[in-house]
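Here is a short report on a structure that may be new to you. Please look at the sequence and the model first, then read on.

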Amino acid sequence: MMNRRTLLLAGLAMPALSRAGFAADPIRIGMTQPLTGAVAASGNYVANGAKIAAEVLNASGGVLGRPVELILEDNKSNPREAVAAAEKLVLRDKVPVLIGAWSSTFTLAIMPKLMEYKVPMIVETSSAARITTSGNPWVFRIAPTSEMEAVAFAELLGKFTPAIRKIGFLSVNNDFGRGATEKFWAALGAKGIAIGRTETMTPEATDLAAQITALKQSDADTVFLTTGVEQQTLALRQAVEQRLGKRIVTTGGSFPDQLLANPLPPGNTSFHILFYAPWFPERAPHPRIAERYTAEWNRKGWEFAGLTEGFRGYDAMLTVAEALKAAGKPEAEAIRQALWTVKLAGVNGDISFAKEGPAGQESGQNRPNVSVVTLSEGKTGLL
Amino acid sequence: MDQALQHLVNGTVLGGTYALLGIGLTLVFGVMRVVNFTHGELYAFGAYMTYAAVSLLGLDFYLSLALATLLGMALGAAIEFLLLRPMRRADIDSTMLVMIGAALVLQNGEMWAWGGVAKLIPNPFPGTPLVVGPVSVLPLRLFVLVVSIALLLGFWLLLDRTRIGMAMRATFQDPETAALMGVRINWVNSATFAIGSGLAAAAGALLGPVFMVSPTMGDLVGLKAFAIVILGGLGSLPGATIGGFALGFVEEFAGGFVSTEYRDAFGFLLIILILALKPQGLVPAKERIG
């Protein structure tokens, strides 16, 4: 029979017992993003999305009865640093799963290490085709490839007035830029659209006048711009200065958010291929999930337009959590196997993985949704 | 022809800013024999100070540019006093290592203070370009070119017509003799490093609103400044000016007419060619030998 003292002790112990599940070691999830350097804006947005997802997951009891802990490493917009960051996460922090690494160049640099250490990685942004076709069974990409993006865009050609007849390219000179140029070239060329001039720029370049002046001389009516947020902003501003006089479509899902507060002069409308349009969450495939993500982001007071990329980190974390649940334990090989069974409703839409690449060594590739947002005088619209 | 005219204008605008960058670096090397690896970071510092003054404090744009330049000079004077003066008798390698360390501290300080995301600085100029025939240029870029040329001229007057300028030239030619003639070398060094830093900060303050401001913006600029100085002749002030414009034109025309993919490579190809033909650079610095 319980006496008063036993009851009191039991009462005191209750909060500790109820916390027992969360007192367990957290499950560590490693992420590497470009938090500084040439494409830092995007990397920070993606990292913020992942942080929100970790909070949402922990608020609803964590995963496998344990809290999740996001361990973030800066890859400094540099492939060499990306490899060092991934090795640090795997070897020192002992994470059983990675998320990364924004640019295709950084992701491709890390990929041999995934094979070496046998750790799966959710690729949240990179679009180069060979990430999932080179035979790396530790890679699971939730982002669309450049080809998927180009094919989806080709279906929207009828929405452009005047019609797109000839295209040119201004692309960052890396795997991301070259890959997008090649795939848009092929997808739109197959629709009978003529191909004009291609200009490239280094990721650090700030003065793009020579490239834009050269493109101005071509008779293309539309220029596809493939690079990070910073160079998108510079290119759009310098295109006005050089009177480019052509429609500009940005690819890759990044949005030049600083042009909302500092708009281009009237009469300049740009088009942006995005995978989440936060101005219109009700139009997302799963509005409730998109609205929750958007609300949590806004509650933090972060840059609104960062939502366009932050969802990548958010969806990647939800994907990892779902795989952990299916695996039943935070072990790399079990997570890799479980990722093939994931079926999840994310901000961008349904997430699941189809096999790509050589038989027996397949990577996972999701089929995400694509939308085109217009930007004119600091205001956005949905095409 | 239209394209060539536009490249000419773009090259002039770019060259003016390159010259401004090069002259501060070459001045410090010429007078102090110090390879200033903090030059690019002082450029970024000028840009961030302008951003802070305009966007955070809401100060007038032109006042902010002046303030950023003065703060750049103050930071330069502090670096000279705290880091370079104690290294006066050290060899050039040790001094270089100290300056590389200082550059890393400055860049990481900027990342810590401002975060990694690039920022835009609002400016009072219209966003629509001025158009003359086939050529167009933003009023802001024109302003930057005019101020750059004014700063270059002002700097030349300072060197040529003032006592401190004369002291700097004397120290440049022969520091020992200058000291024997009563020139206060410590003071000349402080003034030189402050002015060199001020020119870098002014370039950052002017170009920050044209481009974007980020903690790593000084990396590429620092590299270009070194290229300009080597092209013009180490320690040569007219050389840095000519080198700046030469690099601007080569990058612009080769990028526009040959290949933008190798735009930066053309600049360095020019440097290799010039150094092969004139190892001392375009305009070798005059100094007493022996």
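Just after helix 5 of chain A, A:K118 takes a positive phi of about 55°. This is a predicted model, in which local features need pLDDT of at least 70, side-chain atom pairs count only at pLDDT 80 or more, and totals for chains, interfaces and linings use all residues. Residues are numbered from 1 along each chain as its sequence is written, while chains are lettered from A and ligands numbered from 1 in the order in which they are written. Helices (H or I, at least four residues) and strands (E, at least two) are DSSP runs, numbered from the N terminus.

Helix 5 of chain A bends by about 30° at A:I110. The bend is the angle between axes fitted to the seven residues ending at a residue and the seven starting there. A proline, A:P112, follows within four residues.

Helix 10 of chain A is likewise followed by a residue with positive phi: A:R243, near 50°. A residue is buried if 20 or more other C-beta atoms lie within 10 Å of its own, exposed if 12 or fewer, and partly exposed in between, with C-beta atoms placed from the backbone.

The buried residues of helix 5 of chain A include A:S104, A:F106, A:I110 and A:L114. They pack against several elements of chain A, among them helix 4 (79-92), strand 3 (98-100) and helix 8 (175-189). In helix 10 of chain A, the buried residues include A:V229, A:E230, A:R237 and A:E241.

**Domains of chain A**

Chain A is divided into domain 1 (22-144 + 284-365) and domain 2 (148-274). These bounds come from an automatic or database domain assignment. The two domain centres, taken over C-alpha atoms, are 28 Å apart. Contact means that the C-beta atoms of two residues, placed from the backbone, lie within 7 Å. By that test, 17 residues of domain 1 touch 19 residues of domain 2. Which helix gives the most to the domain 1 side? Helix 5 of chain A does, with three residues. That side holds eight nonpolar, seven polar and two charged residues. Ala, Val, Leu, Ile, Met, Phe, Trp, Tyr, Cys and Pro count as nonpolar, Asp, Glu, Lys and Arg as charged, and the others, Gly among them, as polar.

**Chain B and its contact with chain A**

The contact takes 31 residues from chain B and 31 residues from chain A. Helix 1 of chain B supplies the largest share of the chain B side, five residues. The chain B side divides into 13 nonpolar, 13 polar and five charged residues.

B:M32 lies in helix 1 (residues 2-32) of chain B. B:M32 counts as buried because it has 25 C-beta neighbours inside 10 Å. Leaving aside neighbours within four places in sequence, B:M32 is in contact with B:N189, B:T192 and B:F193. The C-alpha atoms of B:M32 and B:D60, 28 residues apart along the chain, are separated by 35 Å.

An unreviewed UniProt entry carries the annotation "transmembrane region" for parts of chain B, including residues 65-84 and 138-159. UniProt positions are given in the numbering used here, feature names are shortened, and annotations may be inferred rather than shown by experiment. Residues 65-84 of chain B are 100% helix and 0% strand, with end C-alpha atoms 27 Å apart. Residues 138-159 of chain B are 95% helix and 0% strand, and the end C-alpha atoms lie 32 Å apart.
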